[in-house]
Amino acid sequence: MPKLRGEAFWRETLRSAHYVVAPMVDQSELAWRLLSRRHGAQLCYTPMLHAQVFLRDANYRRENLYGEACPEDRPLIVQFCANDPEVFVQAALLAQDYCDAIDLNLGCPQMIAKRGHYGAFLQEEWDLLQRMNIDKTVKYAQMLEKAGCQLLTVHGRTKEQKGPLAGVASWEHIQAVRKAVNIPVFANGNIQCLSDVEECIRKTGVHGVMSAEGNLHNPALFEGRNPLVWEMAEEYLEIVQKYPCPLSYVRAHLFKLWHHTLQVYQQLREELAKVKTLEGIVDVNRELKLRCQEEIANQKEGEKPKEGLPFFHWICQPYIRPGPKERCKENGASGTEKGVRGKRTLEEEEDGNSELLSKNKQKKKLRNPNKSFDPSLKPKYAKCDQCGNPKGNKCVFNMCRGCCKKRAFKETADCPGHGLLFKTKYEKSLSWQHSQRGIQSPEMSQRGEAEVGEAVVLKEAGDSAV
């Protein structure tokens, strides 16, 4: 059967999907995908998987893709991050029987992608991209199309637009890409409700629209409704019972679903952060539900949502991420107005005041009350002569272990401080070779000399023949 391409691929393989759940690290796992599909999603992506780890680690493959077969989780696209063409291809071959398409991440703007040299940080390396897709061209989207890409998702933001700097995605750029290529295009960005999806399709002409954060706050987004938070949370927790996932994933989902309510019930927010079992998370969810139901029972006629929300906090709704200026206004000049504390300055953390320490440091302080976070009290380390990292105290080269290993190998030297014995092992190897030669029989020695003599003669004959 010939491979379907372009429009035919979208219509037949992806079943003309318009409503798409984005790939989300630790968030678009099987249980969440099934919940989203029950409420209008037509196509889902796996979380971004690391191609190199997928290739070498069978447990990673089983946990992320090879688990229980689930026919209702189709069509499904597996997304990889990669920066090596061969690794990407081999990982794709291992995944192809468990999905409907393979996606290469070229859009992740996070720092981990920069360190790993993948995602949006491959955009500057067109030669590498061409090798990964086996073709070349002058325009980015057209290059990917000519290289064999059958579907393109455009995020409409630069890699610098992330977190509080995310801003509004440019649908104009998405529209320009849609007109420039002949393959299906998905749009991503500014999607908070179903009307946004419909408007995006109308303005850009894309085939489908992808949602990430909007979907996390309202899994019923593609149904065009805003259900009670506990309905979605309870349904998700039931699916998790059947298709388990790490507790951190579950906790993160409930933090998103209950985001607005947890601003009201801070104590329950702390409990949700500390709970160690799925049963404990279920209990916190139940308590949040009871608190909201009490509020509804005591609600006054004509009462409106607070904090400028479109709905009451117990209803699934978008979270509009404030920009830097809005955040400053919201927190006040000192960052302490409205009971919301802004970021701590370095000096505030250095004075050891536990109220000004980060939550992570406060937890460490609880475990060890004598612990100090004053940088001036930390031990000072001598630096490696080569790279500036802390050097080994007993290193003969005054280097860190990594630099010492390179130099010791290059110079065939020892460094007892780091347990590196290149010179000693080399000398032992020579000694062993000499001892082996010494125990050879005279006949073997003569035979060896004859064989060497023959090789030399043959080489000389060869030279003279040339």
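Is the crossing of helix 2 and helix 12 left-handed or right-handed? I looked this up first. The crossing of helix 2 and helix 12 is right-handed. Left-handed would mean that the near helix is turned anticlockwise from the far one by less than a right angle, right-handed that it is turned clockwise.

**Ground rules**

I am working with a predicted model, where local features need pLDDT of at least 70, side-chain atom pairs count only at pLDDT 80 or more, and totals for chains, interfaces and linings use all residues. Residues are numbered from 1 along each chain as its sequence is written, and side-chain values use heavy atoms, with hydrogens and water left out.

**Overall**

I found 22 helices and 10 strands in the protein. These are DSSP runs numbered from the N terminus, with helices being H or I of at least four residues and strands E of at least two. Of the 466 residues, 39% are buried. Buried is under 20% relative accessible area, exposed is over 50%, and partly exposed lies in between (1.4 Å probe, protein chains only). The protein exposes about 27,800 Å², and carbon and sulfur atoms supply 52% of that. Such areas come from the Shrake-Rupley method with a 1.4 Å probe; for residues, only the protein chains shown count as cover. I also noted the contacts between residues at least 6 apart in sequence: 55% of them join residues at least 24 apart. Contact means heavy atoms within 4.5 Å.

**Helix 2 on helix 12**

Back to the opening pair. The axes of helix 2 (residues 30–38) and helix 12 come within 9 Å and cross at roughly 130°. That makes helix 2 oblique to helix 12. For the classes, under 35 degrees is roughly parallel, over 145 roughly antiparallel, 65 to 115 roughly perpendicular, and the rest oblique. The axes are lines fitted to C-alpha atoms, for helices over the stretch in contact, and the angles run from 0 to 180 degrees between N-to-C directions. From helix 2, I listed A31, W32, L34, L35 and R38; they meet M232, E235, Y236, I239 and V240 in helix 12.

**Helix 12 on helix 16**

Next I followed helix 12 (residues 229–242) to helix 16. Their axes come within 10 Å and cross at roughly 165°. Helix 12 and helix 16 are therefore roughly antiparallel. Their crossing is left-handed. On helix 12, the contact is made by W230, A233, E234, L237, V240 and Q241. Helix 16 contributes L278, I281, V282, N285, K289, C292, Q293 and I296.

**H313**

I then looked at H313. It sits in the loop between helix 16 (278–297) and helix 17 (324–331). Is H313 buried or exposed? H313 counts as buried, because its relative accessibility is 11%. Its side chain makes a polar contact of 2.9 Å with the side chain of T261. Another polar contact, of 2.9 Å, joins the side chains of H313 and E295. A polar contact is a pair of N or O atoms within 3.5 Å; within protein, one must be able to donate a hydrogen and the other to accept it, and residues adjacent in sequence count only if both atoms are side-chain atoms. Not counting residues up to four places away in sequence, H313 touches V229, H260, T261, V264, Y265, C292 and E295.

**Helix 13 on helix 15**

Helix 13 (residues 247–257) and helix 15 (residues 266–274) have axes that come within 10 Å and cross at roughly 160°. They are therefore roughly antiparallel. I noted R251, L254 and F255 of helix 13 against R269, L272, A273 and K274 of helix 15. The crossing is left-handed.

Most residues other than glycine have a negative phi, and most peptide bonds are trans. I checked for departures. A cis peptide bond joins R74 and P75, with omega about 0°. P75 is in the loop between helix 4 (58–64) and strand 4 (76–81). S16 is not a glycine, yet has a positive phi of about 55°. S16 lies between helix 1 (6–13) and strand 1 (19–21), in the loop. Its relative accessible area is 27%, so S16 is partly exposed. T412 has a positive phi near 50°. T412 lies in the loop between helix 20 (401–411) and strand 9 (414–415).
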